[in-house]
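Okay everyone, thanks for coming. Have a look at the model on the screen, and I'll walk you through a few spots.

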Amino acid sequence: MEKNNLNDIVLSSRIRLARNIEGLNFASKLDLASANMLPRRVYEALGSSDTYLLYRMKDISEIDAHVLKEKHLISEDLILNNQTGAAVINERENVSILVNEEDHVRLQCIERGFSLADAHEIMLAVDNVLKRKINFAHSKKLGYLTACPTNVGTGMRASVMMFLPGLAIFSSLEKCLNAISRLNMTIRGVYGEGSSASGYIFQLSNQKSLGLTSSQIIEAVEASCLHIIDAEFRARESLYKSSPSELKDKIWRAYGVLTNAYSLSSGEFMELFALVKLGIYYGFLKASNIERLDTLLVNAQSYSISSLSGKNLDTDERDFYRASYVAKVLGQITKKN
């Protein structure tokens, strides 16, 4: 399969490394003075390797914090730590370093499409920069020491964000889960553990790193991903063959609502947007800018919409603004085919 075809299903790839600083208690037991010192220490350790900004959760607004979460740059747990939680994020917003979350430091790189190897290369470079100035807790026997035992070893989680409408509509996802569970993989919702799979978007990742090399983890995630991709393509083919005219009608109706609605909730947007993306795959709709289309998925979320409006919108105002914004963007980059 060509990479472009794979990217019809894999929206993004992420590598995350968990690290803790030698000589300090884990984050949950860390004294306040040490915890407050960590963000600046991490920020300064990066030096001039890239352009980074330091965000302390206590100093940014609720909207700004949740916009970063909707971009997958920080976690809900970090937001909840509004006393010492912080993030260091590069200008391109593909690298973010979470400080004082579950571990002292969690580095992550997110790249578009099916590109785990590229994300891993970037992440190793950032990790090496930090290690010049910071000694991370490491055991010759166990590897990197982490707050959660499943992360001990490389401290690495490799994950891919996948768009799986075919498997979800056919209720075949559970069969795939059973098949990949033997490889110590797990599938979660859009924002990881405990979140829902809104808009047929799921996150596949390894469950443990102890006893495995980075290469082995990436190979296992890629193999599982390819298994699911193959099943998704077959499900989409079956979905089309079952009733192409009915499917086209459903997709065009979804497109009609998104381009003409006066009010649009976040949940309704995700449901209809998934059908539009599926319509582009089948050729029922045409998109001139796929990257901008995928960016719309983030920009239409609740806090990002408020941020784009420049106001602190209530629920109704947010739904009105979302409808107008989505209609404008889709009108500029998509059309019926």
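So, let's start with I15. Keep in mind that this is a predicted model. If we skip residues up to four places away in sequence, I15 touches L107, Q108, C109, L116, A119, H120, M123, M156, R157, A158 and I218.

Now zoom out a bit. I15 is one of the residues that touch the most other members of the largest nonpolar core, which has 53 residues; I97, M162, L204 and I228 are on that list too. And which element gives the most to this core? That's α8, with nine residues. There's also another core lying apart from it, with 36 residues, including L258, I305, Y325 and L330. As background, nonpolar side chains tend to be buried together in soluble globular proteins.

Next up, L17, which sits in strand β1, residues 10-19. Buried or exposed? L17 is buried, because its relative accessible area is 3%, and the cut-off for buried is under 20%. Leaving out neighbours within four places in sequence, L17 is in contact with V105, R106, L107, M123, D127, T154, G155 and M156. Take D127: it's 110 residues away along the chain, yet the two C-alpha atoms are separated by 8.3 Å.

Last stop, back to α8, residues 214-242. This helix packs against α10, residues 266-282, at an angle of about 85°, and their axes are 12 Å apart. So α8 is roughly perpendicular to α10. Where they meet, α8 brings F233, R236, L239 and Y240, while α10 brings L278, Y281 and Y282. By class, that contact has six nonpolar residues, one charged and no polar.

Conventions:
Residues numbered from 1 in each chain as written. Predicted model: local features only at pLDDT ≥ 70, side-chain atom pairs only at ≥ 80, totals over all residues. Heavy atoms only, no water. Axes fitted to C-alpha atoms, helices over the stretch in contact; angles between N-to-C directions. Helix = DSSP H or I, 4+ residues; strand = E, 2+ residues; numbered from the N terminus. Parallel < 35°, antiparallel > 145°, perpendicular 65-115°, else oblique. Contact = heavy atoms within 4.5 Å. Nonpolar A, V, L, I, M, F, W, Y, C, P; charged D, E, K, R; others polar. Buried < 20%, exposed > 50% of the residue type's maximum accessible area, 1.4 Å probe, protein only. Core = buried A, V, L, I, M, F, W, Y, C linked by side-chain atoms within 4.5 Å.
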